[in-house]
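Hi everyone, thanks for coming.

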Amino acid sequence: MSSRYKKLKIFTGNANVGLAEEIAQYLGVPVGDAKSTRFCDGEINIRINESVRGADVFIIQPTCAPINENLMELLIMIDAVRRASARRITAVLPYYGYARQDRKTRARDPITAKLVANILVASGARRVLCMDLHAGQIQGFFDIPVDHLPGVPILAEYILQIGLENVVVVSPDLGGVTRARDLAERIGATIAIIDKRRPEPNVAEVSSIIGAIQGKNVIMVDDIIDTAGTITKGAEALKQWGANDIYVACTHPVLSGPAVQRLKEAPIKEVIVTNTIPIPKEKMLDKIKVLSVAPLLGEAIIRIHEDLSVSKLFD
């Protein structure tokens with residue numbers, strides 16, 4: 001281990017061990033010796049098998065499916081290193097579960113994204129590092145510093161490499177216009193917007209498309225692909241409006257329920273995602289391209305450890 005980072009320690013739960021190992025390799029430090037097991041009744045048992053006294057600890061754990069298991073594992077691991085006298089604990093959440101429950105849309109709705117933030121702080125986290133929060137205001141749910149990394153620069157770099165021409169970037173809804181504009185500016189493209197409505201959760205209906213689509217190569221960009229209903233219905237509508245090749249770019253491949261089958265059957269040439277969430281082998285399609293966020297998270301961890309500006313990564 002480099003003496004420069006002798007007080008920096010990387011730990012991980014079971015949610016995305018591969019990403020944690022990539023980050024540790026990028027930093028040139030080993031993954032910390034910790035073990036997560038289950039008692040016979042299903043309770044989580046965390047053992048930290050090395051000293052963390054006075055260390056700057058980063059725990060890498062996206063709260064993806066199984067969300068409650070992975071969240072609880074993270075909380076217990078934070079508590080364990082806090083009680084072992086770690087100097088500072090940063091929760092690294094490449095994917096923040098419950099982020100879509102960020103406001104009340106009906107009477108008596110919970111704001112679960114805020115509840116999760118409160119629990120993370122109560123467990124002992126003193127900083128949070130995350131990527132592409134579904135709603136930016138979630139940063140304000142925490143009473144500790146939050147470093148929020150966008151996924152668009154990673155997606156844009158790959159899109160520039162494949163050399164698409166005559167491109168329009170499409171936001172699948174009105175809420176994603178800022179993300180679509182950011183990507184469009186980075187790759188030198190125009191933007192368009194799909195106007196949709198949701199009659200019920202996980203059900204999307206396309207009503208119109210705002211912008212020039214006909215004869216263009218399309219990149220639909222979003223933060224999450226969950227059941228893929230929005231993306232696939234959007235792709236079908238774009239084809240009907242005369243689009244050429246359709247690409248999808250997103251940060252978090254949740255891919256729940258019928259998502260894989262929908263993507264397989266949809267008129268989509270390539271689905272570009274990142275490894276914030278691990279994709280099981282049975283869900284990998286030939287049209288899915290996975291980009292690594294390890295270098296970006298690694299650089300952010302270095303900057304946090306050395307008390308440098310994280311925002312400089314995007315200047």
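Predicted model: local features only at pLDDT ≥ 70, side-chain atom pairs only at ≥ 80, totals over all residues.

**A short tour**

The volume of the second largest pocket is about 290 Å³. There are 13 lining residues, and the closest to the pocket's centre are Pro153, Ile154, Glu157, Ser292 and Leu296. If you sort the lining by class, you get nine nonpolar residues, two polar ones and two charged ones.

Now let's turn to the sheet. Five strands make up an open sheet, running in the order S1-S4-S5-S6-S7, with parallel pairing. Which strands stand at the edges? Those are S1 (8-12) and S7 (146-149): each has a single partner strand, so one side of each is left without a neighbour in the sheet. On average, and ignoring direction, neighbouring strands here are turned by 20° against each other.

Have a look at one pairing in particular. Strand S5, residues 88-93, pairs with strand S6, residues 127-131, in the parallel sense over four bridges. If you click on Leu93, you'll find that its bridge partner in S6 is Cys130.

We also meet helix H8 again here. H8 covers residues 294-305 and packs on the sheet, where it touches S1, S4 (56-60), S5, S6 and S7. The direction of H8 makes about 160° with that of S6.

Next, the loops. How many aromatic pairs does the structure hold? The count is one. The partners are Tyr96 and Phe142: their ring centres are 6.0 Å apart and their planes stand at 70°, so we call the pair edge-to-face. Tyr96 sits in the loop between S5 and helix H3 (112-123), while Phe142 sits in the loop between S6 and S7, so the pair ties together parts that are 46 residues apart in sequence.

While you are in the loop between S5 and H3, find Tyr98, which lies there too. Tyr98 has a phi near 70°, a positive value in a residue other than glycine.

One last stop, a proline. Pro66 has its place in the loop between S4 and helix H2 (67-83). The peptide bond leading from Ala65 to Pro66 is cis, and its omega is near -5°.

Methods
Residues numbered from 1 in each chain as written. Heavy atoms only, no water. Pairing = 2+ DSSP bridges. Helix = DSSP H or I, 4+ residues; strand = E, 2+ residues; numbered from the N terminus. Axes fitted to C-alpha atoms, helices over the stretch in contact; angles between N-to-C directions. Contact = heavy atoms within 4.5 Å. 1 Å grid on protein atoms, 1.4 Å probe; cavity = no way out; pocket = protein on both sides within 12 Å on 5 of 7 lines; lining within 4 Å. Points joined across faces, edges and corners; volume = space filled by probe spheres on them. Nonpolar A, V, L, I, M, F, W, Y, C, P; charged D, E, K, R; others polar. Phe/Tyr/Trp six-rings, centres within 6.5 Å; stacked < 30°, edge-to-face > 60°.
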